[in-house]
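User: Please take a close look at one part of this model, the paired strands of a hairpin and the strand beside them, and then connect that part with the other regions that can be described.

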Amino acid sequence: MNDNLKELSYSYKIVNNTIVLKRKIDIAQANNQTVQQLIKGKVVDMDGKPLAGVTIRNIDNGRQAETNSKGEFSIEGAPTQQLSFSSVGYETVNNTISNSNPLTVQLKTANNQLEQIVVIGFGTQKKKDITGAIATMNTKDIEDRPVTQLASAMEGKMAGVEIVKSSGQPQAGFSIRVRGTSTITAGSNPLYILDGVPTENISELNPSDIQSISVLKDAASAAVYGSSGANGVVLITTKRGNNGKTLVNFETYQGFSTIWKRPKVLNAAQYKDLMTEVGETTDWSKYSADTNWPDQLFRMGHSQKYQASVRGGDEKTGFYISGSYQKDNGTVITNTVNKVNFKVNLDHQINKIFKVGTSMSYNRWYDVDIPENTRNGVIMNAYLGSPVIGIYGDKGAFTVDPFYTDLDNPVALATGNEHSYVNNRFTGNIFAEANILPELKFKTLFGYEKYNNQYRSFVDPFRTTEGRKYKGMAQLDQQDNQYWMSENTLNYDKTFNEKHHFTGLLGYITTKTQTTGSSISTQNFANPAIHTVNGGSMITRMPTAKDATITTVSGIAKIGYDYNGTYLFTANLRADASSVFGPNNRWGYFPSFSAGWRISNEGFFEAWKNTVNDLKIRASWGKVGNSQIPAFAYLGLIDVTGSYVIGDQVVPGYTPITLDNPSLKWETTNQTDIGLDASFLNSRLTIAADYYAKKTVGLLLDSRVPYSSGYAKVLRNLGDLQNKGFEFELSSRNFVQDFKWNTTLTFGLNRNKVLNIDGGTYYDGNIDGRGNSTIAKEGLALGTFWGYVAKGVNPETGDMIYQMADPDAGLQTSDMAVIGNATPKFSYGMTNDFSYKNFNLSFFLQGVQGNDILNATRIYTEGMWEPRNQSAEVLNRWSPTNKNSTMPRPDLNTTEDNYNTKISSRFVEKGSYLRLKSLTLGYTIPKQVLEKWKINKLRFYVTGENLLTFTKYSGLDPEVSMYSATNQEVVSSNMSPGIDFGTSPQARTFIVGLNLTF
């Protein structure tokens, strides 16, 4: 047997009369084999403190693990294999496995932010290797400032990202503009992606659940989202579980708020003098009150929040569960918001190959808003309400104006309409991942969002004038929306020879959105105890209903390459088809390219490395699309409410309302970006600068057609729009010892211009009783105010002097001209964080410069063109004894109605401001004190919001825009920013809170 096996690579052994053959292993060959073993170790920071939640990845075999609460980990590996250690906020480290076991690895804080891992389209990437323009925020930026809405935390913190608030109501909507407005008729809000699923509204999110926010600003970054990326993309990632000790967190705060500037109005005696002067008389003996309506309408606001979360897991399963309740009573009576949030994130590693997970959230929103931005809104009536009447008259009914017997007092206007809005929203996804190979991963995800909202209103048939007139009124509006998506992606990530790094992505996505809604109004209520619409015996308008569906299909491809972190390249291609476009142009194709060069890695740069430790230049170009138009937009639509009467019978009829356009196609935006990233002095100072040029072509515009056609307009692809700008961000670590001081600066400017809109002119920004106030025209920027040019007050007549082409012909519409622009010349923000031992102090300054505001409120409060109260400013009005006044004489009962209150430069003011947005002082109880109570962290803080405002604007607040709410018409939101028309001001708030973790 020995002779037979001598020449073969086998040996033998006799076991229980059985010959067992065994293959011989060559010693050299055995040494080259990789023997997997369990590698253990610990990850600490530079102070030797353990780090939990650090991701450890074996680059060679694809295995992954996370550190526990003690910083410990275990992972399969073998000597000479490489482990990658990464964690948000720390520099990524690669470490070769040696024979020494366990390992100890130190991670440095990524203070320059270039080493941080950030979320990008369909993945993550080191910030230093990004070749596009991406702005980021992490959980620390949000936790340090208690905010009611997520957008408030983003304001002023990201260059090129503008947050426009519609008003100071706690439930007020906002508009986010990424590098300016790129459209006129189509939607201009960015695409919001929450844990991989698009969502329409981020106002309802709980800021405490957010882990990170990434805003994809340039086309190269956003092109992977093709059809929806023209206005930028906001990627929101929520907190997830980790391998470590289960942590329970509880946080709460109480806040109190007031308006920082109160309206000043005429008192009863001054009001009577004004009414007498303009020829309005009544029996004043019947009116003995002297009511200051701002004092009756404004109050001390109160906000409170309670949040609890549980976070933890083991080597296979991670979980994050949270719930919160928040209530905000605004600074105006009846104004309130209640929010309830629940969040669950689960991840489970089934085995070495398969992983599954889910993200689910439920939000319930309830609010009672106040009427604003109208002549009969609450803020406007704080000025206009007659001071000679009280709140209640005979039999508990509200009092009415002395000169308008059908107009109730301001408190009645605020409280007489009992109304509320409720929205329930569920958003979630389930996913599965398969590591086919260490470098190849497949992921499938199903996302779903459903929300339904309901608006109810009821006007009592007895208490108010309007209620008595119609014997009670009720309204019910309902809407239901469902969205689902199926996403399948294949990711490739491989490094060859430690220098050549390749990435790839293929994906296929389908989505469907279905919206239904209805509305009905009734009146003539026999019983005031019944507040629902069925209590009214008369339908006041034709009930309405809608049912619309939008579907999309998308394919994506992406490749990336970098050589040793020095030469970087990325290319994307996305193809989208959307049902909102005609069959001739349903598909849109959106490519992009970006490249970067890390100069600091070159040999010739070695001499400067001690000063400039990182320097990268980058450039990108891409094309993105916009499909934010209604369903069936390319079809000719009909109105089903066209019934008519024949004889004594009602016959149903249908009325065509829009022309069809089967050639309707994508609105596309081409963008070029050139940027620079640098860090100095061992990353103590970092900067990022970008120049961009965007051009939107094929604008989706409602084009006018001859009235002889039977139609007024048709949606077409007409016109081009341009945005150019510059952005700059700077971060510095000024002191780094026991006393720490960090500073962040952001700066952005944007120049917008309408290049052409089919040779036409569009007007918008309607002011009640005065007409449109903004214009879109070739060569002008969006947000341009249009009106008459005021030259002061004629000292002889007391009337306004306007610029006229022909004074003999009088004032003509042809005399109207550009009178201002709402777009700031630049915006900026500065954050300073100080800490010493257990104390921390931070403040945040934010401002804009060079913008105008149309203070349309003054048309009513200083116009003196109707017999209502006025602002105290009219005390200096023109009179025969006060001819040098800048305030014209009253407009009431003049020969030409409203001559002195036309939309003009008289009401356009400088809107620049600098605001101390936030000031926070906190104290964290020392750990040695908390250990006996098994508490990890206990922090107390006090915060002030909007403490100081420096501005020349005469209105209640410079940070308002009546058409920027989410429920406003899209065209007005795009064309008419910067209008103040009885808009609620921002509040000054003081907050006391605590954060407890155990």
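**The hairpin and its surroundings**

Analyst: In this predicted model, strand β37 (residues 667–680) runs antiparallel to strand β38 (residues 685–697), and the two are paired over 13 bridges. Within that pairing, Ile674 lies opposite Tyr691 of β38. The two strands make a hairpin with four residues between them, and in the turn Leu681 adopts a positive phi of about 55°. β38 also pairs with strand β41 (residues 720–736), again in the antiparallel sense and over 13 bridges; here Ala688 has Glu729 of β41 as its bridge partner.

Asn423 belongs to strand β24 (residues 417–437), and, with a relative accessibility of 1%, Asn423 counts as buried. The side chain of Asn423 makes a polar contact of 2.8 Å with the side chain of Glu204. Leaving out residues up to four places away in sequence, Asn423 touches Glu204, Asn363, Arg364, Trp365, Tyr451, Asn452 and Asn453. Thr136, for its part, sits in strand β12 (residues 134–138). Neighbours within four places in sequence aside, Thr136 is in contact with Val118, Lys127, Met158, Ile213 and Ser214, while the C-alpha atoms of Thr136 and Met154, which are 18 residues apart along the chain, are separated by 9.5 Å.

At the start of α6, a side-chain oxygen of Asn267 comes to within 3.2 Å of the backbone nitrogen of Ala269. The buried residues of α6 are Ala268, Tyr271, Leu274 and Met275; viewed down the helix axis, these buried residues fall within an arc of 125°, so they line one face of the helix. Just after α6, Gly279 has a positive phi of about 85°.

The largest nonpolar core has 51 residues, of which Ile767, Ile859 and Ile979 touch the most other members. The elements that give two or more residues to this core are α6, α7 (293–297), α8 (378–384), α9 (410–415) and α11 (857–861), and the largest share, six residues, comes from α8. With residues up to four places away in sequence not counted, Ile859 touches Ile767, Arg770, Trp865, Thr901, Ile903 and Phe907. Apart from this core lies another, of 26 residues, among them Leu216, Leu235, Phe431 and Met485. In soluble globular proteins, nonpolar side chains tend to be buried together.

Key: Residues are numbered from 1 along each chain as its sequence is written. This is a predicted model: local features need pLDDT of at least 70, side-chain atom pairs count only at pLDDT 80 or more; totals for chains, interfaces and linings use all residues. Side-chain values use heavy atoms; hydrogens and water are left out. Contact means heavy atoms within 4.5 Å. Buried means under 20% relative accessible area, exposed over 50%, partly exposed in between (1.4 Å probe, protein chains only). The arc is that of the directions from the helix axis to the C-beta atoms. A polar contact is a pair of N or O atoms within 3.5 Å; within protein, one must be able to donate a hydrogen and the other to accept it, and residues adjacent in sequence count only if both atoms are side-chain atoms. A nonpolar core is a set of buried Ala, Val, Leu, Ile, Met, Phe, Trp, Tyr and Cys residues joined through side-chain atoms within 4.5 Å. Two strands pair if DSSP finds at least two bridges between them.
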